[in-house]
Every structure is written in C-alpha cells, then in structure tokens.
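Please read the following briefing alongside the sequence and the model. It takes up strand pairing, then the helix packing, then the aromatic contacts.

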Amino acid sequence: MLTFRERQAGISVIYDPDEDSYSYNAYCIETKLLEELFTCEYQFLADALETINQEFGTWELVDLSAKKGCGSCVAKGAQS
C-alpha cells in the first residue's frame, strides 16, 4: 500500500464466482472521508501494478506484513 497524507493507494483482488476468475482493482481513497478518488479494474496484476506505480509511485510504501495488534494494548490483559 502507498500513502500520502490522508490518501491511500493500492490494489485489491476481486473474485467473480460466476466466471471463476480474478481481477485486480487499482484504487486511491481519501482515508478521512472514506471517499474513492480513483479506481480502475484490470484482468492482469501486472497492469494494475503498472498503473499504481505510474500514478502513485512517489508515495510512501507501507509494509502491511509488519505484525500489528494488541501487543501494548490495555485490553490484552482482559483477554487472558
């Protein structure tokens, strides 16, 4: 995912069970308003990646694989 101020850009996967196929949605949203600013659907991931990199490639790349959660959350003790 790429971010710039209150905006987020990325690619989501769409599955069509009727066609048993996947497509890829390149998107940009305004995160505070939850408003979609840009969206384009592609049959191939390479095309979606090319669009995102061309349009938003200078934005900050956010690593979504980093472990997040309640490690320091006060509610963690209540789960025990």
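**Briefing on the predicted model**

The bridge partner of F4 in β2 is R7. This is a predicted model, in which local features need pLDDT of at least 70 and side-chain atom pairs count only at pLDDT 80 or more, while totals for chains, interfaces and linings use all residues. Residues are numbered from 1 along each chain as its sequence is written, and side-chain values use heavy atoms, with hydrogens and water left out. The protein has two helices and five strands, where helices (H or I, at least four residues) and strands (E, at least two) are DSSP runs numbered from the N terminus. From the N terminus on, these elements follow the order β-β-β-β-α-β-α.

**Sheet and strand pairing**

- The five strands form an open sheet with antiparallel pairing, in the order β4-β3-β2-β1-β5; two strands are taken to pair if DSSP finds at least two bridges between them.
- β4 (35-42) and β5 (60-61) stand at the edges with a single partner strand each, so one side of each is left without a neighbour in the sheet.
- Strands of a sheet pair through backbone hydrogen bonds, either parallel or antiparallel.
- β1 and β2 run antiparallel and are joined by three bridges; in their hairpin, which has two residues between the strands, R5 takes a positive phi near 50 degrees.
- β2 and β3 are also antiparallel, with 10 bridges between them, and I14 has S23 in β3 as its bridge partner.
- The hairpin of β2 and β3 has four residues between the strands, and D20 takes a positive phi near 50 degrees there.
- Strand β3 (residues 21-30) is joined to the antiparallel β4 by seven bridges; Y24 has Y42 of β4 as its bridge partner, and A26 stands opposite C40 in β4.
- Four residues lie between β3 and β4 in their hairpin, where L34 in the turn has a positive phi of about 50 degrees.

**Helix α1 against the sheet**

- Helix α1 (residues 45-56) lies across β1 (2-4), β2 (7-16), β3 and β4, and runs at about 170 degrees to β2; axes are lines fitted to C-alpha atoms, for helices over the stretch in contact, and angles run from 0 to 180 degrees between N-to-C directions.
- With 12 residues, α1 reaches 16 Å from its first C-alpha to its last, close to the 16 Å expected at 1.5 Å a residue; the expected span is 1.5 Å times one less than the number of residues.
- A48, T51, I52 and F56 of α1 are buried, buried meaning under 20% relative accessible area, exposed over 50% and partly exposed in between, with a 1.4 Å probe and protein chains only.
- T51, found in helix α1, has a relative accessible area of 14%; leaving aside neighbours within four places in sequence, T51 is in contact with F38 and Y42, contact meaning heavy atoms within 4.5 Å.

**Aromatic pairs**

- The structure holds four aromatic pairs, counted where rings of Phe, Tyr and Trp (its six-membered ring) have centres within 6.5 Å, with planes under 30 degrees apart called stacked, over 60 edge-to-face and the rest tilted.
- Y15 and Y22 form a tilted pair, at 4.9 Å centre to centre and 45 degrees between the planes, and Y15 counts as partly exposed at 39% relative accessibility.
- F38 and F56 form an edge-to-face pair, at 5.8 Å centre to centre with 70 degrees between the planes.
- F38 lies in strand β4 and F56 in helix α1, so the pair ties together parts that are 18 residues apart in sequence.
- F38 is partly exposed, with a relative accessible area of 24%, whereas F56 is buried at 9%.
- Ring pairs link F4, F38, F56 and W59 into a cluster.

**Whole-chain totals**

- Buried residues make up 21% of the 80 residues in the protein.
- Among contacts between residues at least 6 apart in sequence, 35% join residues at least 24 apart.
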